[in-house]
Amino acid sequence: MTIALWIVQILLALVFFMAGGLKLFQENKAMEMMVWAREASRSFLIFVGVAEILGGIGLILPGALGILPVLTLLAAIGTAIILILAALLHARRKEKGVGINIVFLLLALFVVIGHILIK
């Protein structure tokens, strides 16, 4: 179970690092790729990017360093919330991104439940 959790946490962290990095460091490319980003304020785009990068860090760093492992659980809950909100945004706008958000949401929930069961 621990190995499966690490694999999923690393996968989610990579997804969140890439998505957050795109929004923070390649704003024009993000706007080109994501219709909603063109209509959002720059500060909202930065907020989402920072939240995604912090979520990715929280999925990996506490467990890797063995410091406050409860932070990994909290990061998984936070990423699940981000994914729920993203799915709702895409559904409301009738965009195609809902399915992938639900897949990643299920992975985040796997991490949440796995960490609850292990502790």
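**Helices, pocket and loops of a predicted model**

Leucine 68 is found in the loop between α4 and α5, where helices (H or I, at least four residues) are DSSP runs numbered from the N terminus. The structure is a predicted model, in which local features need pLDDT of at least 70 and side-chain atom pairs count only at pLDDT 80 or more, while totals for chains, interfaces and linings use all residues. Residues are numbered from 1 along each chain as its sequence is written, and side-chain values use heavy atoms, with hydrogens and water left out.

Phi of leucine 68 is near 50°, a positive value in a residue other than glycine. Most residues other than glycine have a negative phi. Leucine 68 counts as exposed because its relative accessible area is 53%; exposed means over 50%, buried under 20%, and partly exposed in between (1.4 Å probe, protein chains only).

The 24 residues of α1 should span 34 Å, and the end C-alpha atoms are 33 Å apart, which agrees. For α5, 23 residues should span 33 Å, and the ends are 33 Å apart, again in agreement. For α6, 21 residues should span 30 Å, and the distance between its end C-alpha atoms is 30 Å, which also agrees.

In α1 they are Leu5, Val8, Gln9, Leu12, Ala13, Phe16, Gly20, Gly21, Leu22 and Lys23. The elements that cover them include α2 (27-33), α3, α4, α5 and α6, where contact means heavy atoms within 4.5 Å. In α5, the buried residues include Thr72, Leu73, Ala75 and Ala76, as well as Leu83 and His90. These buried residues of α5 pack against α1, α3, α4 and α6. In α6, Asn101, Phe104, Leu105, Ala108, Val111, Val112, Gly114 and His115 are buried, and their cover includes α1, α4 and α5. An α-helix has 3.6 residues a turn, so residues three or four places apart point the same way.

Asparagine 101 belongs to helix α6 and counts as buried because its relative accessibility is 10%. Apart from neighbours within four places in sequence, asparagine 101 is in contact with Leu83, Ala86, Ala87 and His90. Leucine 105 is also found in α6; its relative accessible area of 15% makes it buried. With the same exclusion of neighbours within four places in sequence, leucine 105 is in contact with Ala80, Leu83 and Ile84. Leucine 105 and phenylalanine 16 are 89 residues apart in sequence and 12 Å apart in space, C-alpha to C-alpha.

In helix α4, valine 48 is buried, with a relative accessible area of 14%. Valine 48 is 54 residues from isoleucine 102 in sequence, and their C-alpha atoms are 18 Å apart in space.

A search of the whole structure finds 1 aromatic pair. Tryptophan 36 and phenylalanine 44 form this pair, which is edge-to-face, at 6.2 Å centre to centre and 80° between the planes. Rings of Phe, Tyr and Trp (its six-membered ring) pair if their centres lie within 6.5 Å, and planes under 30 degrees apart count as stacked, over 60 as edge-to-face and the rest as tilted. Tryptophan 36 counts as buried at 10% relative accessibility, whereas phenylalanine 44 is partly exposed at 40%.

The largest pocket has a volume of about 830 Å³. On a 1 Å grid over the protein atoms alone, a pocket is an open set of points where a 1.4 Å probe fits, with protein on both sides within 12 Å along at least five of seven lines; lining residues have an atom within 4 Å of a point. Grid points are joined across faces, edges and corners, and the volume is the space filled by probe spheres set on the points. The lining has 32 residues, of which Lys23, Trp36, Glu52, Ala86 and His90 lie nearest the centre of the pocket. At least two lining residues come from each of α1 (2-25), α3 (35-39), α4 (42-65), α5 (70-92) and α6 (98-118). Helix α5 gives the largest share, 8 residues.

Notes: The expected span of a helix is 1.5 Å times one less than its number of residues.
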